[in-house]
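Student: Could you take me through one part of this model up close? I'd like a connected story, residue by residue, that I can follow on the screen.

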Amino acid sequence: MHLALAEARKAAARGEVPVGAVLVDADGHTLAADGNRTIENHDPSAHAEMLVIRAACASIGNERLPGATLYVTLEPCAMCAGAISFARIARLVWAADDPKMGAVRHGPRFFEQKTCHHRPELAGGEGADESAQMLKDFFRARRGGAGQS
């Protein structure tokens with residue numbers, strides 16, 4: 001998770017929402033690491049999770065990532081949860097919960113739906129405090145008010 005948090009810090013430095021993701025294979029080797037790039041790429045789908053899934057699939061020449069673990073600093077949205085399922089990622093570990101846009105523990109609870117064909121092992125909370133603080137600081141600075149939360 002420390003690598004994902006580092007990617008989130010890089011995203012914030014680029015003016016992106018500070019979310020980072022890292023994909024590792026079953027042997028623990030890093031397949032891909034990146035942070036949000038929606039603004040930079042002019043692409044609303046350029047979430048950190050989507051970017052690392054695309055990069056990892058391209059590097060191994062397969063649309064499936066069996067045995068892989070995805071570490072991400074924020075609970076994935078519905079779009080990213082769908083990609084995680086389609087890529088057959090074995091394990092999802094996220095840091096901070098996202099009650100507003102999250103789709104794993106919150107919202108549609110994507111992996112609990114009957115229509116979901118692949119459900120990864122789930123673990124939330126690792127690095128949650130650091131990730132949540134990074135997001136709060138980013139949005140506070142964006143609003144221009146130190147006293148707002």
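Tutor: Start at Arg-88, which sits in the loop between helix 3 (78-86) and strand 4 (91-96). Keep in mind as we go that this is a predicted model. Phi of Arg-88 is near 60°, a positive value, and the residue isn't a glycine.

Now hop over to another loop, the one between strand 2 and helix 2 (48-60), where you'll find His-42. Here too there's a positive phi in a non-glycine residue, this time near 50°. His-42 has a relative accessible area of 72%, so it's exposed; the cut-off for that is over 50%.

Stay in the loop between strand 2 and helix 2 and look at Glu-40. With a relative accessible area of 41%, Glu-40 is partly exposed. Its side chain makes a polar contact of 2.7 Å with the side chain of Arg-37, and another, of 3.4 Å, with the side chain of Arg-14. Leaving out residues up to four places away in sequence, Glu-40 touches Arg-14 and Glu-16.

Arg-37 takes us on to Asp-34, because the side chains of Asp-34 and Arg-37 make a polar contact too, at 2.8 Å. Asp-34 belongs to strand 2 (residues 30-35). At 15% relative accessibility it counts as buried, since buried means under 20%. What does Asp-34 touch, not counting residues up to four places away in sequence? The list is Glu-7, Arg-14, Val-19, Gly-20, Ala-21, Ala-48, Leu-51 and Val-52.

For the last stop, go back to Glu-40 and find Glu-130, 90 residues away along the chain; their C-alpha atoms are separated by 24 Å. Now look at how helix 1 (residues 2-13) meets helix 4 (residues 128-143): the two axes come within 11 Å and cross at roughly 5°. That angle makes helix 1 roughly parallel to helix 4. On the helix 1 side, the contact is made by Leu-5, Ala-8, Arg-9 and Ala-12, while helix 4 brings Glu-130, Ser-131, Met-134 and Phe-138. Sorted by type, the residues of this contact divide into 5 nonpolar, 1 polar and 2 charged.

Conventions:
Residues numbered from 1 in each chain as written. Predicted model: local features only at pLDDT ≥ 70, side-chain atom pairs only at ≥ 80, totals over all residues. Heavy atoms only, no water. Helix = DSSP H or I, 4+ residues; strand = E, 2+ residues; numbered from the N terminus. Buried < 20%, exposed > 50% of the residue type's maximum accessible area, 1.4 Å probe, protein only. Polar contact = N/O pair within 3.5 Å; in protein donor to acceptor, adjacent residues only side chain to side chain. Contact = heavy atoms within 4.5 Å. Axes fitted to C-alpha atoms, helices over the stretch in contact; angles between N-to-C directions. Parallel < 35°, antiparallel > 145°, perpendicular 65-115°, else oblique. Nonpolar A, V, L, I, M, F, W, Y, C, P; charged D, E, K, R; others polar.
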